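I opened my notebook to record what I looked up, entry by entry, in this structure.

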Amino acid sequence: MIRLQNIEKVYRTDTVETLAINDISLDIAKGEFLSIMGPSGCGKSTLLNIMGLLDEPSRGSIRIDDQDTSRFNDQQLAKFRNQKLGFIFQSYHLINDLQVLDNVELPLLYRTSSAKERRELATEALVKVGLSNRLKHFPTQLSGGQRQRVAIARAIVGRPQIILADEPTGNLDSAMGNEIMEILINLNKNDGTTIIMVTHDENMAHKTHRLVRLFDGSHVQ
Amino acid sequence: MFRHLFKLIWNKRKHNVLFLSEILVSFLVIFAISSMLVYYYLNYRKPAGFQYEKVWAIGYSNPLKTKDKDTLSAFYDQVKSTLNAVPEIKEVSFSSYNFPYANSNSTTGFEYNGKKYNQVNFYQVDENYDKALSAKVVEGRWFKKEDRVMKNNFTVINTTLKEAIFGSQSAIGKLVGDDKAKIIGVIEDIKTGGDFYPAGYGGYKMLDSASFEWIGTILIQVTDNADAAFESRLSKLLARTIPNSNIAISHLTDLRDSKNSNTVIPVVIASIIAGFLIINVALGLFGVLWYNINQRRGEIGLRRAIGASGNSVAAQLVTESLLLASLSLIVGSFFAIQFPLLNVFDVPSAVYFIALLLSVLFIYILVILCSLYPGRQAAAIHPAIALHEE
(Lines give C-alpha, C1' and ligand atoms only; values in the text may rest on other atoms or scores of the structure.)
Protein backbone atom coordinates (compact mmCIF):
# COMPACT_ATOMS: atom_id res chain seq x y z
CA MET A 1 0.00 0.00 0.00
CA ILE A 2 2.80 2.41 0.94
CA ARG A 3 6.38 1.93 -0.20
CA LEU A 4 9.13 4.24 1.06
CA GLN A 5 12.48 3.86 -0.60
CA ASN A 6 15.68 5.41 0.75
CA ILE A 7 13.87 8.36 2.25
CA GLU A 8 16.11 11.13 3.51
CA LYS A 9 15.01 14.45 4.92
CA VAL A 10 17.46 17.25 5.60
CA TYR A 11 16.50 20.60 7.13
CA ARG A 12 18.88 23.34 6.12
CA THR A 13 19.39 26.82 7.47
CA ASP A 14 22.22 29.23 6.57
CA THR A 15 24.49 27.73 9.18
CA VAL A 16 23.04 24.38 10.24
CA GLU A 17 22.10 21.23 8.38
CA THR A 18 19.94 18.74 10.30
CA LEU A 19 19.36 15.22 9.12
CA ALA A 20 15.84 14.35 10.29
CA ILE A 21 15.36 11.09 8.34
CA ASN A 22 18.28 9.01 7.26
CA ASP A 23 17.79 6.49 4.46
CA ILE A 24 14.58 4.85 5.60
CA SER A 25 12.89 2.21 3.46
CA LEU A 26 9.59 0.80 4.54
CA ASP A 27 6.78 -1.26 3.05
CA ILE A 28 3.34 -1.05 4.59
CA ALA A 29 0.77 -3.56 3.42
CA LYS A 30 -2.87 -2.83 2.72
CA GLY A 31 -4.96 -3.23 5.88
CA GLU A 32 -1.91 -3.10 8.14
CA PHE A 33 -1.94 -1.23 11.46
CA LEU A 34 1.57 0.04 12.00
CA SER A 35 2.90 2.04 14.90
CA ILE A 36 6.02 4.18 14.89
CA MET A 37 7.85 4.83 18.11
CA GLY A 38 10.99 6.59 19.15
CA PRO A 39 12.31 9.35 21.37
CA SER A 40 11.33 12.96 20.76
CA GLY A 41 13.04 14.50 17.76
CA CYS A 42 13.89 11.16 16.17
CA GLY A 43 11.88 11.99 13.04
CA LYS A 44 8.60 10.13 13.67
CA SER A 45 6.33 13.02 12.78
CA THR A 46 8.55 14.00 9.87
CA LEU A 47 8.23 10.47 8.50
CA LEU A 48 4.45 10.58 8.98
CA ASN A 49 4.28 13.95 7.21
CA ILE A 50 6.24 12.54 4.31
CA MET A 51 3.91 9.54 4.12
CA GLY A 52 0.95 11.94 4.30
CA LEU A 53 2.42 14.01 1.43
CA LEU A 54 2.47 17.07 3.68
CA ASP A 55 6.24 17.26 3.37
CA GLU A 56 8.67 16.30 0.64
CA PRO A 57 11.67 14.08 1.21
CA SER A 58 15.08 15.50 0.30
CA ARG A 59 15.87 12.17 -1.36
CA GLY A 60 14.10 8.90 -2.03
CA SER A 61 10.69 7.98 -3.38
CA ILE A 62 7.20 7.27 -2.03
CA ARG A 63 4.66 5.10 -3.78
CA ILE A 64 1.16 4.98 -2.39
CA ASP A 65 -1.43 2.68 -3.88
CA ASP A 66 1.05 2.01 -6.70
CA GLN A 67 1.35 5.66 -7.63
CA ASP A 68 4.60 7.62 -7.69
CA THR A 69 3.64 10.70 -5.71
CA SER A 70 6.90 12.57 -6.42
CA ARG A 71 5.54 13.63 -9.83
CA PHE A 72 2.34 15.15 -8.41
CA ASN A 73 1.82 18.91 -8.55
CA ASP A 74 0.13 20.83 -5.72
CA GLN A 75 -3.33 20.28 -7.15
CA GLN A 76 -2.83 16.56 -7.61
CA LEU A 77 -1.31 16.20 -4.15
CA ALA A 78 -4.31 17.94 -2.60
CA LYS A 79 -6.74 15.67 -4.47
CA PHE A 80 -4.75 12.58 -3.53
CA ARG A 81 -4.67 13.53 0.15
CA ASN A 82 -8.39 14.25 0.07
CA GLN A 83 -9.35 10.92 -1.47
CA LYS A 84 -6.81 8.46 -0.12
CA LEU A 85 -5.61 9.81 3.22
CA GLY A 86 -7.13 10.71 6.55
CA PHE A 87 -5.28 12.60 9.28
CA ILE A 88 -5.58 12.51 13.06
CA PHE A 89 -3.46 14.88 15.14
CA GLN A 90 -2.47 14.97 18.79
CA SER A 91 -3.98 18.44 19.21
CA TYR A 92 -7.11 17.51 17.17
CA HIS A 93 -6.93 20.56 14.88
CA LEU A 94 -10.66 21.21 15.01
CA ILE A 95 -12.03 24.58 13.92
CA ASN A 96 -13.55 26.00 17.08
CA ASP A 97 -15.87 28.34 15.18
CA LEU A 98 -17.63 25.45 13.47
CA GLN A 99 -20.02 22.94 14.96
CA VAL A 100 -18.99 19.28 15.24
CA LEU A 101 -20.97 18.30 12.13
CA ASP A 102 -19.41 21.10 10.10
CA ASN A 103 -15.93 20.12 11.26
CA VAL A 104 -16.50 16.55 10.14
CA GLU A 105 -17.84 17.68 6.77
CA LEU A 106 -14.65 19.63 5.97
CA PRO A 107 -12.86 17.04 3.75
CA LEU A 108 -16.03 16.59 1.70
CA LEU A 109 -16.08 20.30 0.86
CA TYR A 110 -13.09 19.69 -1.39
CA ARG A 111 -15.03 17.07 -3.34
CA THR A 112 -18.03 17.38 -5.58
CA SER A 113 -20.78 16.27 -3.25
CA SER A 114 -24.13 17.76 -2.36
CA ALA A 115 -24.85 19.36 1.00
CA LYS A 116 -27.30 16.56 1.77
CA GLU A 117 -24.73 13.90 0.94
CA ARG A 118 -22.11 15.63 3.08
CA ARG A 119 -24.51 15.85 6.00
CA GLU A 120 -25.39 12.18 5.74
CA LEU A 121 -21.79 11.02 5.53
CA ALA A 122 -20.71 13.27 8.39
CA THR A 123 -23.56 12.07 10.59
CA GLU A 124 -22.70 8.47 9.75
CA ALA A 125 -19.05 9.04 10.69
CA LEU A 126 -20.06 10.67 13.97
CA VAL A 127 -22.38 7.76 14.77
CA LYS A 128 -19.43 5.45 14.16
CA VAL A 129 -17.32 7.23 16.80
CA GLY A 130 -20.25 7.44 19.22
CA LEU A 131 -20.94 11.18 18.96
CA SER A 132 -24.37 11.17 17.35
CA ASN A 133 -25.67 13.31 20.23
CA ARG A 134 -23.07 16.06 19.80
CA LEU A 135 -23.66 17.15 16.21
CA LYS A 136 -24.57 20.75 17.02
CA HIS A 137 -21.96 21.27 19.72
CA PHE A 138 -18.89 23.40 19.25
CA PRO A 139 -15.48 21.77 19.89
CA THR A 140 -14.94 23.97 22.95
CA GLN A 141 -18.00 22.33 24.54
CA LEU A 142 -16.44 18.85 24.30
CA SER A 143 -13.92 16.90 26.37
CA GLY A 144 -10.50 15.98 24.96
CA GLY A 145 -11.61 12.43 24.16
CA GLN A 146 -14.73 13.69 22.40
CA ARG A 147 -12.70 16.15 20.38
CA GLN A 148 -10.37 13.39 19.27
CA ARG A 149 -13.39 11.32 18.25
CA VAL A 150 -14.59 14.25 16.15
CA ALA A 151 -11.13 14.35 14.57
CA ILE A 152 -11.39 10.62 13.83
CA ALA A 153 -14.84 11.11 12.32
CA ARG A 154 -13.35 13.88 10.13
CA ALA A 155 -10.52 11.53 9.11
CA ILE A 156 -12.87 8.70 8.09
CA VAL A 157 -15.74 10.70 6.59
CA GLY A 158 -14.22 10.55 3.12
CA ARG A 159 -13.62 6.80 3.48
CA PRO A 160 -9.86 6.99 2.93
CA GLN A 161 -7.76 3.87 2.46
CA ILE A 162 -5.06 5.14 4.81
CA ILE A 163 -5.24 6.93 8.14
CA LEU A 164 -2.19 8.71 9.50
CA ALA A 165 -2.42 9.37 13.21
CA ASP A 166 0.18 11.53 14.95
CA GLU A 167 0.05 10.67 18.67
CA PRO A 168 -3.75 10.45 18.72
CA THR A 169 -3.80 9.54 22.42
CA GLY A 170 -0.99 11.90 23.42
CA ASN A 171 -3.25 14.50 25.03
CA LEU A 172 -5.66 12.03 26.65
CA ASP A 173 -5.73 10.08 29.90
CA SER A 174 -5.36 6.32 29.66
CA ALA A 175 -9.10 5.55 29.75
CA MET A 176 -9.87 7.98 26.94
CA GLY A 177 -6.71 6.89 25.14
CA ASN A 178 -7.95 3.30 25.23
CA GLU A 179 -11.33 4.35 23.86
CA ILE A 180 -9.68 6.11 20.93
CA MET A 181 -7.42 3.12 20.35
CA GLU A 182 -10.47 0.85 20.27
CA ILE A 183 -12.06 3.00 17.59
CA LEU A 184 -8.88 2.86 15.48
CA ILE A 185 -8.58 -0.91 15.91
CA ASN A 186 -12.20 -1.37 14.84
CA LEU A 187 -11.68 0.85 11.80
CA ASN A 188 -8.69 -1.25 10.83
CA LYS A 189 -10.43 -4.55 11.52
CA ASN A 190 -13.90 -3.80 10.16
CA ASP A 191 -13.20 -1.42 7.29
CA GLY A 192 -9.74 -2.68 6.36
CA THR A 193 -8.29 0.81 6.69
CA THR A 194 -4.51 0.95 6.71
CA ILE A 195 -3.42 2.89 9.80
CA ILE A 196 0.00 4.32 10.58
CA MET A 197 0.21 5.71 14.07
CA VAL A 198 3.00 7.62 15.77
CA THR A 199 2.97 7.08 19.52
CA HIS A 200 5.05 7.35 22.66
CA ASP A 201 2.91 4.77 24.42
CA GLU A 202 4.31 1.21 24.39
CA ASN A 203 0.93 -0.25 25.40
CA MET A 204 -0.83 1.37 22.47
CA ALA A 205 1.95 0.40 20.10
CA HIS A 206 1.71 -3.25 21.13
CA LYS A 207 -1.96 -3.30 20.13
CA THR A 208 -0.96 -2.71 16.49
CA HIS A 209 0.22 -5.29 13.93
CA ARG A 210 3.76 -4.00 13.62
CA LEU A 211 6.00 -1.62 15.47
CA VAL A 212 8.71 0.43 13.81
CA ARG A 213 11.27 2.09 16.03
CA LEU A 214 13.25 5.12 14.97
CA PHE A 215 16.36 6.60 16.50
CA ASP A 216 18.11 9.71 15.22
CA GLY A 217 16.23 9.50 11.95
CA SER A 218 17.10 5.90 11.25
CA HIS A 219 14.99 2.77 11.30
CA VAL A 220 16.38 0.60 14.10
CA GLN A 221 13.77 -2.14 14.48
CA MET B 1 -18.27 25.91 0.08
CA PHE B 2 -20.05 29.28 0.01
CA ARG B 3 -22.45 28.19 2.73
CA HIS B 4 -19.56 26.81 4.77
CA LEU B 5 -17.63 30.07 4.50
CA PHE B 6 -20.67 32.11 5.38
CA LYS B 7 -21.24 29.96 8.46
CA LEU B 8 -17.59 30.39 9.45
CA ILE B 9 -17.80 34.16 9.01
CA TRP B 10 -21.07 34.40 10.87
CA ASN B 11 -19.73 32.39 13.81
CA LYS B 12 -16.66 34.64 13.90
CA ARG B 13 -18.55 37.91 13.46
CA LYS B 14 -17.28 39.37 16.73
CA HIS B 15 -13.70 38.86 15.58
CA ASN B 16 -14.50 40.59 12.32
CA VAL B 17 -16.00 43.78 13.78
CA LEU B 18 -12.93 45.86 12.87
CA PHE B 19 -12.93 44.62 9.29
CA LEU B 20 -16.68 45.18 8.95
CA SER B 21 -16.46 48.70 10.39
CA GLU B 22 -13.57 49.68 8.13
CA ILE B 23 -15.45 48.55 5.05
CA LEU B 24 -18.64 50.30 6.13
CA VAL B 25 -16.90 53.64 6.76
CA SER B 26 -14.96 53.38 3.49
CA PHE B 27 -18.12 52.57 1.58
CA LEU B 28 -19.96 55.59 2.99
CA VAL B 29 -17.04 57.92 2.19
CA ILE B 30 -16.71 56.51 -1.33
CA PHE B 31 -20.45 56.77 -1.83
CA ALA B 32 -20.39 60.45 -0.82
CA ILE B 33 -17.45 61.26 -3.09
CA SER B 34 -18.75 59.23 -6.02
CA SER B 35 -22.23 60.77 -5.71
CA MET B 36 -20.57 64.16 -6.02
CA LEU B 37 -18.40 63.06 -8.95
CA VAL B 38 -21.26 61.34 -10.79
CA TYR B 39 -23.48 64.40 -10.28
CA TYR B 40 -20.81 66.72 -11.65
CA TYR B 41 -19.91 64.36 -14.49
CA LEU B 42 -23.50 63.93 -15.68
CA ASN B 43 -23.94 67.70 -15.66
CA TYR B 44 -20.60 68.20 -17.39
CA ARG B 45 -21.71 65.95 -20.25
CA LYS B 46 -24.70 68.15 -20.98
CA PRO B 47 -24.14 71.02 -23.44
CA ALA B 48 -23.66 74.54 -22.10
CA GLY B 49 -26.67 75.60 -24.16
CA PHE B 50 -25.09 78.81 -25.36
CA GLN B 51 -21.92 80.30 -26.82
CA TYR B 52 -19.81 81.81 -24.03
CA GLU B 53 -16.73 82.44 -26.11
CA LYS B 54 -16.49 85.98 -27.51
CA VAL B 55 -19.17 87.14 -25.10
CA TRP B 56 -18.25 89.92 -22.74
CA ALA B 57 -20.24 91.17 -19.79
CA ILE B 58 -20.15 94.90 -19.19
CA GLY B 59 -21.04 95.84 -15.65
CA TYR B 60 -22.11 99.43 -15.04
CA SER B 61 -23.84 101.48 -12.45
CA ASN B 62 -26.79 103.57 -13.49
CA PRO B 63 -25.63 107.22 -13.31
CA LEU B 64 -29.04 108.71 -14.03
CA LYS B 65 -30.85 110.24 -11.09
CA THR B 66 -34.21 110.22 -12.83
CA LYS B 67 -36.86 107.60 -12.28
CA ASP B 68 -38.68 108.54 -15.44
CA LYS B 69 -39.07 105.37 -17.49
CA ASP B 70 -39.07 107.08 -20.86
CA THR B 71 -35.90 109.02 -20.10
CA LEU B 72 -34.19 105.89 -18.85
CA SER B 73 -35.36 103.87 -21.84
CA ALA B 74 -34.24 106.52 -24.30
CA PHE B 75 -30.83 106.83 -22.65
CA TYR B 76 -30.10 103.10 -22.67
CA ASP B 77 -31.47 102.67 -26.19
CA GLN B 78 -28.89 105.28 -27.17
CA VAL B 79 -26.17 103.31 -25.34
CA LYS B 80 -27.25 100.19 -27.20
CA SER B 81 -27.19 101.97 -30.55
CA THR B 82 -23.72 103.33 -29.83
CA LEU B 83 -22.44 99.87 -29.05
CA ASN B 84 -24.19 98.31 -32.05
CA ALA B 85 -22.38 100.81 -34.24
CA VAL B 86 -18.97 99.45 -33.21
CA PRO B 87 -17.76 97.06 -35.93
CA GLU B 88 -16.21 94.62 -33.45
CA ILE B 89 -19.56 94.17 -31.65
CA LYS B 90 -22.02 91.73 -33.20
CA GLU B 91 -24.82 91.70 -30.64
CA VAL B 92 -25.80 93.78 -27.62
CA SER B 93 -28.24 92.75 -24.92
CA PHE B 94 -29.26 94.13 -21.55
CA SER B 95 -29.60 91.60 -18.77
CA SER B 96 -30.35 91.37 -15.08
CA TYR B 97 -27.37 90.66 -12.79
CA ASN B 98 -27.84 86.89 -12.96
CA PHE B 99 -26.34 86.45 -16.42
CA PRO B 100 -24.42 83.18 -17.12
CA TYR B 101 -21.50 82.53 -14.74
CA ALA B 102 -22.28 85.60 -12.64
CA ASN B 103 -22.28 85.21 -8.89
CA SER B 104 -25.86 86.37 -8.64
CA ASN B 105 -29.06 84.49 -8.84
CA SER B 106 -32.72 85.24 -8.58
CA THR B 107 -35.15 82.45 -7.91
CA THR B 108 -38.86 82.19 -7.52
CA GLY B 109 -41.45 79.46 -7.17
CA PHE B 110 -44.97 78.89 -8.40
CA GLU B 111 -47.71 76.32 -8.52
CA TYR B 112 -49.10 74.76 -11.65
CA ASN B 113 -51.97 72.28 -11.63
CA GLY B 114 -51.53 71.78 -7.90
CA LYS B 115 -47.82 70.96 -8.14
CA LYS B 116 -45.17 73.28 -6.71
CA TYR B 117 -42.13 74.25 -8.75
CA ASN B 118 -39.49 75.77 -6.50
CA GLN B 119 -36.08 77.20 -7.26
CA VAL B 120 -37.05 78.56 -10.69
CA ASN B 121 -34.24 80.81 -11.91
CA PHE B 122 -35.76 84.06 -13.03
CA TYR B 123 -33.91 86.11 -15.66
CA GLN B 124 -34.85 89.56 -16.92
CA VAL B 125 -33.47 90.10 -20.38
CA ASP B 126 -34.13 91.96 -23.60
CA GLU B 127 -34.97 90.94 -27.14
CA ASN B 128 -31.32 90.37 -28.13
CA TYR B 129 -30.36 88.07 -25.28
CA ASP B 130 -30.80 84.87 -27.34
CA LYS B 131 -28.64 86.28 -30.13
CA ALA B 132 -25.95 87.63 -27.82
CA LEU B 133 -25.57 84.16 -26.29
CA SER B 134 -26.34 82.21 -29.49
CA ALA B 135 -28.99 80.38 -27.49
CA LYS B 136 -31.39 78.12 -29.34
CA VAL B 137 -35.14 78.56 -29.17
CA VAL B 138 -36.60 75.07 -29.48
CA GLU B 139 -40.28 75.91 -29.46
CA GLY B 140 -42.26 79.10 -30.15
CA ARG B 141 -40.25 82.31 -30.34
CA TRP B 142 -37.98 84.64 -28.38
CA PHE B 143 -39.08 88.13 -27.26
CA LYS B 144 -39.48 90.95 -29.75
CA LYS B 145 -38.94 94.63 -29.00
CA GLU B 146 -42.69 95.14 -29.36
CA ASP B 147 -43.32 92.80 -26.43
CA ARG B 148 -41.84 95.48 -24.16
CA VAL B 149 -43.92 98.28 -25.59
CA MET B 150 -47.16 96.37 -25.59
CA LYS B 151 -46.80 95.52 -21.90
CA ASN B 152 -47.60 91.94 -22.64
CA ASN B 153 -47.05 89.52 -19.83
CA PHE B 154 -45.00 87.03 -21.83
CA THR B 155 -42.46 84.52 -20.66
CA VAL B 156 -40.00 82.11 -22.19
CA ILE B 157 -39.09 79.01 -20.21
CA ASN B 158 -36.22 76.59 -20.52
CA THR B 159 -36.43 72.93 -21.56
CA THR B 160 -36.04 71.56 -18.02
CA LEU B 161 -38.98 73.57 -16.73
CA LYS B 162 -41.06 72.79 -19.80
CA GLU B 163 -40.49 69.03 -19.43
CA ALA B 164 -41.19 69.16 -15.71
CA ILE B 165 -44.53 70.93 -16.20
CA PHE B 166 -45.76 69.82 -19.60
CA GLY B 167 -43.75 66.71 -20.45
CA SER B 168 -43.95 66.06 -24.15
CA GLN B 169 -46.92 68.40 -24.65
CA SER B 170 -46.48 71.85 -26.14
CA ALA B 171 -46.00 74.67 -23.63
CA ILE B 172 -46.84 77.48 -25.99
CA GLY B 173 -49.82 79.56 -24.95
CA LYS B 174 -49.99 78.11 -21.44
CA LEU B 175 -50.18 80.48 -18.50
CA VAL B 176 -47.72 79.96 -15.67
CA GLY B 177 -46.64 81.67 -12.47
CA ASP B 178 -48.47 83.72 -9.93
CA ASP B 179 -48.84 86.53 -12.53
CA LYS B 180 -50.19 84.07 -15.15
CA ALA B 181 -47.54 84.88 -17.73
CA LYS B 182 -48.15 83.46 -21.18
CA ILE B 183 -45.46 81.14 -22.50
CA ILE B 184 -44.36 82.26 -25.95
CA GLY B 185 -41.24 80.15 -26.31
CA VAL B 186 -39.05 77.40 -24.95
CA ILE B 187 -35.29 77.90 -24.98
CA GLU B 188 -32.58 75.26 -24.71
CA ASP B 189 -31.17 74.86 -21.19
CA ILE B 190 -28.40 77.33 -20.38
CA LYS B 191 -25.98 76.14 -17.70
CA THR B 192 -25.46 79.44 -15.93
CA GLY B 193 -23.73 77.98 -12.87
CA GLY B 194 -20.76 76.49 -14.73
CA ASP B 195 -20.13 73.24 -16.53
CA PHE B 196 -20.75 71.08 -13.46
CA TYR B 197 -24.18 72.35 -12.47
CA PRO B 198 -27.50 71.77 -14.18
CA ALA B 199 -29.44 74.58 -15.77
CA GLY B 200 -32.27 73.95 -13.32
CA TYR B 201 -35.69 75.43 -13.93
CA GLY B 202 -35.42 78.66 -15.88
CA GLY B 203 -37.90 81.40 -16.75
CA TYR B 204 -37.18 84.55 -18.80
CA LYS B 205 -39.10 87.80 -18.75
CA MET B 206 -38.71 90.83 -20.99
CA LEU B 207 -37.13 93.87 -19.37
CA ASP B 208 -39.53 96.74 -19.14
CA SER B 209 -38.57 100.42 -19.17
CA ALA B 210 -38.53 100.62 -15.39
CA SER B 211 -35.96 97.84 -15.19
CA PHE B 212 -33.23 100.18 -16.50
CA GLU B 213 -33.19 101.85 -13.14
CA TRP B 214 -31.73 98.79 -11.44
CA ILE B 215 -30.21 96.43 -14.00
CA GLY B 216 -26.49 96.79 -14.54
CA THR B 217 -25.28 94.38 -17.18
CA ILE B 218 -24.81 94.57 -20.93
CA LEU B 219 -23.84 91.36 -22.68
CA ILE B 220 -22.03 91.83 -25.94
CA GLN B 221 -20.97 89.30 -28.51
CA VAL B 222 -17.79 90.45 -30.19
CA THR B 223 -16.07 89.47 -33.41
CA ASP B 224 -12.79 87.57 -33.65
CA ASN B 225 -10.99 90.91 -34.11
CA ALA B 226 -11.88 92.03 -30.60
CA ASP B 227 -8.54 92.07 -28.79
CA ALA B 228 -7.07 93.79 -25.73
CA ALA B 229 -6.61 97.02 -27.65
CA PHE B 230 -10.26 96.94 -28.58
CA GLU B 231 -11.21 96.28 -24.99
CA SER B 232 -9.31 99.38 -23.98
CA ARG B 233 -11.05 101.45 -26.68
CA LEU B 234 -14.39 99.99 -25.63
CA SER B 235 -13.77 100.93 -22.05
CA LYS B 236 -13.10 104.54 -23.08
CA LEU B 237 -16.17 104.56 -25.31
CA LEU B 238 -18.33 103.31 -22.45
CA ALA B 239 -16.90 105.91 -20.12
CA ARG B 240 -17.98 108.56 -22.57
CA THR B 241 -21.36 106.96 -23.34
CA ILE B 242 -22.33 106.27 -19.72
CA PRO B 243 -20.54 109.05 -17.85
CA ASN B 244 -20.09 108.91 -14.08
CA SER B 245 -20.62 105.14 -14.10
CA ASN B 246 -18.38 102.38 -12.77
CA ILE B 247 -17.60 100.29 -15.80
CA ALA B 248 -16.16 96.78 -15.56
CA ILE B 249 -15.66 94.47 -18.51
CA SER B 250 -15.32 90.75 -17.94
CA HIS B 251 -15.10 87.85 -20.36
CA LEU B 252 -17.54 84.97 -19.95
CA THR B 253 -14.70 82.50 -20.60
CA ASP B 254 -12.88 83.85 -17.52
CA LEU B 255 -16.04 83.81 -15.43
CA ARG B 256 -16.69 80.22 -16.54
CA ASP B 257 -13.17 79.16 -15.56
CA SER B 258 -13.64 80.79 -12.18
CA LYS B 259 -17.02 79.05 -11.66
CA ASN B 260 -15.57 75.70 -12.65
CA SER B 261 -12.59 76.17 -10.33
CA ASN B 262 -14.96 76.84 -7.46
CA THR B 263 -16.45 73.40 -8.11
CA VAL B 264 -13.35 71.44 -9.01
CA ILE B 265 -11.05 72.60 -6.19
CA PRO B 266 -13.27 71.36 -3.30
CA VAL B 267 -13.80 68.09 -5.16
CA VAL B 268 -10.07 67.63 -5.62
CA ILE B 269 -9.45 68.42 -1.94
CA ALA B 270 -12.21 66.01 -0.84
CA SER B 271 -10.86 63.33 -3.18
CA ILE B 272 -7.33 63.73 -1.82
CA ILE B 273 -8.61 63.44 1.77
CA ALA B 274 -10.74 60.42 0.77
CA GLY B 275 -7.71 58.98 -1.04
CA PHE B 276 -5.62 59.16 2.13
CA LEU B 277 -8.49 57.61 4.07
CA ILE B 278 -8.73 54.79 1.55
CA ILE B 279 -4.97 54.21 1.70
CA ASN B 280 -5.25 53.95 5.49
CA VAL B 281 -8.24 51.64 5.21
CA ALA B 282 -6.40 49.51 2.64
CA LEU B 283 -3.39 49.22 4.94
CA GLY B 284 -5.75 48.43 7.82
CA LEU B 285 -7.51 45.72 5.82
CA PHE B 286 -4.18 44.33 4.75
CA GLY B 287 -3.05 44.25 8.38
CA VAL B 288 -6.29 42.66 9.63
CA LEU B 289 -6.13 39.96 6.95
CA TRP B 290 -2.46 39.35 7.63
CA TYR B 291 -3.16 39.03 11.35
CA ASN B 292 -6.09 36.69 10.69
CA ILE B 293 -3.94 34.46 8.53
CA ASN B 294 -1.28 34.24 11.22
CA GLN B 295 -3.99 33.39 13.74
CA ARG B 296 -5.32 30.68 11.44
CA ARG B 297 -2.12 28.93 10.42
CA GLY B 298 -3.30 25.70 12.09
CA GLU B 299 -6.62 25.81 10.24
CA ILE B 300 -4.85 26.54 6.95
CA GLY B 301 -2.47 23.61 7.59
CA LEU B 302 -5.44 21.37 8.34
CA ARG B 303 -7.27 22.42 5.17
CA ARG B 304 -4.17 21.68 3.13
CA ALA B 305 -3.92 18.25 4.80
CA ILE B 306 -7.53 17.29 4.09
CA GLY B 307 -7.55 18.30 0.45
CA ALA B 308 -7.20 22.03 -0.17
CA SER B 309 -4.61 23.09 -2.71
CA GLY B 310 -2.58 26.27 -2.23
CA ASN B 311 -4.79 28.02 -4.77
CA SER B 312 -8.01 26.97 -3.06
CA VAL B 313 -6.68 28.26 0.29
CA ALA B 314 -5.90 31.61 -1.36
CA ALA B 315 -9.29 31.64 -3.06
CA GLN B 316 -11.01 30.82 0.23
CA LEU B 317 -9.40 33.77 2.00
CA VAL B 318 -10.26 36.18 -0.82
CA THR B 319 -13.84 34.84 -0.88
CA GLU B 320 -14.12 35.20 2.89
CA SER B 321 -13.01 38.83 2.61
CA LEU B 322 -15.53 39.45 -0.15
CA LEU B 323 -18.31 37.87 1.90
CA LEU B 324 -17.36 39.99 4.90
CA ALA B 325 -17.29 43.07 2.68
CA SER B 326 -20.73 42.09 1.39
CA LEU B 327 -22.13 42.18 4.94
CA SER B 328 -20.85 45.74 5.37
CA LEU B 329 -22.07 46.71 1.93
CA ILE B 330 -25.58 45.48 2.74
CA VAL B 331 -25.64 47.75 5.81
CA GLY B 332 -24.00 50.62 3.88
CA SER B 333 -26.39 50.25 0.96
CA PHE B 334 -29.33 50.45 3.34
CA PHE B 335 -28.15 53.94 4.37
CA ALA B 336 -27.13 54.93 0.84
CA ILE B 337 -30.48 53.95 -0.66
CA GLN B 338 -32.20 56.45 1.64
CA PHE B 339 -30.68 59.32 -0.38
CA PRO B 340 -32.63 58.66 -3.60
CA LEU B 341 -35.70 57.52 -1.67
CA LEU B 342 -35.83 60.71 0.39
CA ASN B 343 -34.64 62.85 -2.54
CA VAL B 344 -31.83 64.29 -0.43
CA PHE B 345 -30.19 67.47 -1.86
CA ASP B 346 -32.71 67.37 -4.74
CA VAL B 347 -30.27 65.35 -6.82
CA PRO B 348 -31.66 62.96 -9.48
CA SER B 349 -32.03 59.37 -8.20
CA ALA B 350 -29.91 58.05 -11.07
CA VAL B 351 -26.89 59.87 -9.60
CA TYR B 352 -27.21 57.99 -6.30
CA PHE B 353 -27.81 54.64 -7.97
CA ILE B 354 -24.77 55.02 -10.24
CA ALA B 355 -22.70 56.16 -7.24
CA LEU B 356 -23.95 53.17 -5.24
CA LEU B 357 -22.90 50.75 -7.98
CA LEU B 358 -19.51 52.42 -8.39
CA SER B 359 -18.91 52.41 -4.61
CA VAL B 360 -19.79 48.71 -4.32
CA LEU B 361 -17.50 47.94 -7.24
CA PHE B 362 -14.72 50.05 -5.74
CA ILE B 363 -14.99 48.32 -2.35
CA TYR B 364 -14.91 44.87 -3.93
CA ILE B 365 -11.84 45.78 -5.98
CA LEU B 366 -10.19 47.27 -2.88
CA VAL B 367 -10.92 44.13 -0.86
CA ILE B 368 -9.67 41.85 -3.62
CA LEU B 369 -6.45 43.86 -3.95
CA CYS B 370 -5.92 43.89 -0.17
CA SER B 371 -6.59 40.19 0.24
CA LEU B 372 -4.70 38.87 -2.78
CA TYR B 373 -1.23 39.09 -1.24
CA PRO B 374 -2.23 37.74 2.22
CA GLY B 375 -4.09 35.01 0.32
CA ARG B 376 -0.95 34.09 -1.59
CA GLN B 377 0.99 34.09 1.68
CA ALA B 378 -1.59 31.75 3.19
CA ALA B 379 -1.27 29.47 0.17
CA ALA B 380 2.47 29.33 0.77
CA ILE B 381 2.09 28.14 4.38
CA HIS B 382 3.74 24.75 4.68
CA PRO B 383 1.07 22.38 6.06
CA ALA B 384 3.52 20.20 8.00
CA ILE B 385 5.02 23.26 9.77
CA ALA B 386 1.64 24.90 10.42
CA LEU B 387 0.20 21.72 11.91
CA HIS B 388 3.28 21.20 14.06
CA GLU B 389 3.06 24.79 15.47
CA GLU B 390 -0.31 24.03 17.03
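Entry 1, ground rules. I noted that residues are numbered from 1 along each chain as its sequence is written, while chains are lettered from A and ligands numbered from 1 in the order in which they are written. The model is predicted, with local features needing pLDDT of at least 70 and side-chain atom pairs counting only at pLDDT 80 or more, whereas totals for chains, interfaces and linings use all residues.

I looked up pLDDT (the predictor's confidence in each residue, from 0 to 100) and found that chain A has a mean of 88, with 98% of its residues at 70 or more.

An automatic or database assignment sets the domain bounds, and chain B is divided into domain 1 (2-45 + 262-389) and domain 2 (61-246). Taken over C-alpha atoms, the centres of domain 1 and domain 2 of chain B are 52 Å apart.

I found Ile278(B) in helix α8 (residues 252-295) of chain B. Why is Ile278(B) partly exposed? Ile278(B) is partly exposed because 18 other C-beta atoms lie within 10 Å, and the term falls between buried (20 or more other C-beta atoms within 10 Å of its own) and exposed (12 or fewer), with C-beta atoms placed from the backbone.

Note on methods: Helix = DSSP H or I, 4+ residues; strand = E, 2+ residues; numbered from the N terminus.
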